[in-house]
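Have the viewer open as you read.

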Amino acid sequence: MWPCLRRACSPARRRTRLASAVRVDPISAVIDAFATHPLVALGEGPHGNEQGHAFRLALIRDPRFAARVNDIVIESGSARYQDYVDRFVRGEEVADVFLRAARENTVTPTPAWDRPIYDELFRAVRDVNRSQPPDRQLRILLGDPPIVWNEVRNADDYRSWLMRRDSHPAEVIQREVLAKGRRALVVYGDGHFQARSERPGRSLVGILETGGTNVFAVTSTFADLSAFQKDVAGWPTPWLASLKGTSLGAAPYETFFGPPPPVDFFKANPNIEDHFDAVLVLGTPASMRLAPLAYPRCAEPDYMRMRLVRMTLAGMPATVAERLREEYAKAAPPR
């Protein structure tokens, strides 16, 4: 049994009556968090899920968002293409091939970002900026390290870039957001936000908080949390609730992410409230929808070769080729 389960059931824990979590409007809660935090870290949940994407679009399009926030930092774009994305969201003409390259040429070797929903984010920000004065226009910051795949020859070359996937966006945020007195929504995989109190910080949020920045961190999930508070089963999704001191905050880490790393830090920090301030529930486990890949792009032989070469360099098993073909087949329009 994991130490976290022993701690959760200890006599001292049982004597402390936990408060029930309270559902709040998720868009208002995220925007209100910027009143006390320069950064709100919003986990994506499973990469490519449609419900999380729909929530982010609704958030960005809310008039209160651009009035409070300056930047959106994303995992799904390579910093090599920052100039192209800057120009695009300002309303300039930029060829689609450059937006696609920003998504396809990240350190992530899989097709995680090769879905039209990620281009839709660029277009949504561009649309919002049309109605904003120049000094209130939103900026998208590409947080992924500027890897040059043609120069990656082996696993060691790849690993050197992989190890920068938290430190590089932290540097971008410190330079482009915090040093300029701006506020940013940070949209990354939830794993980049956990272990926030670990020192020295290794996760993105851990690095930022080590430097003295207070981050409001939200995990996005499809987990069934009714075992920890029965009434949440009837709450309409999406819903958001604070975690600290609540029955949901006491839920073990593995409810959200599976078995934790077998290290002392996670044994000492076993509950979800140890890692996040709030939870955003996007739906039930059965309702999660994965957005399709871009077709016919995913059917192009050169594209398939590119993905397989990169995944091989990253040390992924040979079986990924078949998994890729299955996902590409799902993206094809019905005949």
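Which residues of helix 10 are buried? They are H168, P169, A170, V172, I173 and E176, where buried means under 20% relative accessible area, exposed over 50%, and partly exposed in between (1.4 Å probe, protein chains only).

## Ground rules

This is a predicted model, in which local features need pLDDT of at least 70 and side-chain atom pairs count only at pLDDT 80 or more, while totals for chains, interfaces and linings use all residues. Residues are numbered from 1 along each chain as its sequence is written, and side-chain values use heavy atoms, with hydrogens and water left out.

## The sheet

An open sheet of 7 strands runs in the order 3-2-4-1-5-7-6, with mixed pairing. Strands here are DSSP runs of E with at least two residues, and helices are runs of H or I with at least four, both numbered from the N terminus; two strands pair if DSSP finds at least two bridges between them. Strand 3 (139–144) and strand 6 (239–242) stand at the edges, each with a single partner strand, so one side of each has no neighbour in the sheet. From one strand to the next, the twist averages 25°.

Strand 1 (residues 39–43) and strand 5 (residues 215–221) are paired in the parallel sense over 4 bridges. For V40, the bridge partner in strand 5 is F216.

## Helices across the sheet

Helix 10 (residues 167–176) lies across strand 1, strand 2, strand 3 and strand 4, running at about 150° to strand 3. Such angles run from 0 to 180 degrees between N-to-C directions, with axes fitted as lines to C-alpha atoms, for helices over the stretch in contact. The buried residues of helix 10 pack against those strands and also against helix 11 (204–210), with contact meaning heavy atoms within 4.5 Å.

Helix 4 lies across strand 1, strand 2 (71–78), strand 4 (184–188) and strand 7 (278–281), at about 155° to strand 1. Between helix 4 (50–61) and helix 5 (63–68) is a loop that holds D62. With a relative accessible area of 16%, D62 counts as buried. Setting aside residues up to four places away in sequence, D62 touches I27 and I31.

## Nonpolar cores

In soluble globular proteins, nonpolar side chains tend to be buried together. A nonpolar core is defined here as a set of buried Ala, Val, Leu, Ile, Met, Phe, Trp, Tyr and Cys residues joined through side-chain atoms within 4.5 Å. The largest core has 40 residues, of which L59, F65, I72 and L185 touch the most other members. Helix 3 (residues 26–33) gives the most to this core, with 5 residues. Not counting residues up to four places away in sequence, F65 touches I31, L59, I60, I72, L138 and L185. Another core, of 32 residues, lies apart from it and includes L141, F193, W239 and I272.

V128, in helix 8 (residues 116–130), is buried, with a relative accessible area of 11%. Beyond its neighbours within four places in sequence, V128 is in contact with I60, R61, A66 and L138. The C-alpha atoms of V128 and T106 are separated by 26 Å, and the two residues are 22 residues apart along the chain.

## Aromatic rings

How many aromatic pairs does the structure hold? There are 11 aromatic pairs, a pair being rings of Phe, Tyr and Trp (its six-membered ring) with centres within 6.5 Å; planes under 30 degrees apart count as stacked, over 60 as edge-to-face, and the rest as tilted. F265 and F266 form an edge-to-face pair, 5.5 Å centre to centre with 85° between the planes.

The charged end of R126 sits over the ring of F88, 4.4 Å from its centre; the criterion is NZ of Lys or CZ of Arg within 6 Å of the ring centre and within 35 degrees of the ring normal.

## Backbone exceptions

Most residues other than glycine have a negative phi, and most peptide bonds are trans. A195 has a positive phi of about 55° although it is not a glycine. A195 lies in the loop between strand 4 and helix 11 and is buried, with a relative accessible area of 5%.

The peptide bond from T237 to P238 is cis, with omega near 0°, and P238 is in the loop between strand 5 and strand 6. Another cis peptide bond joins Y295 and P296, with omega about 15°; P296 is in the loop between strand 7 and helix 14 (301–313).
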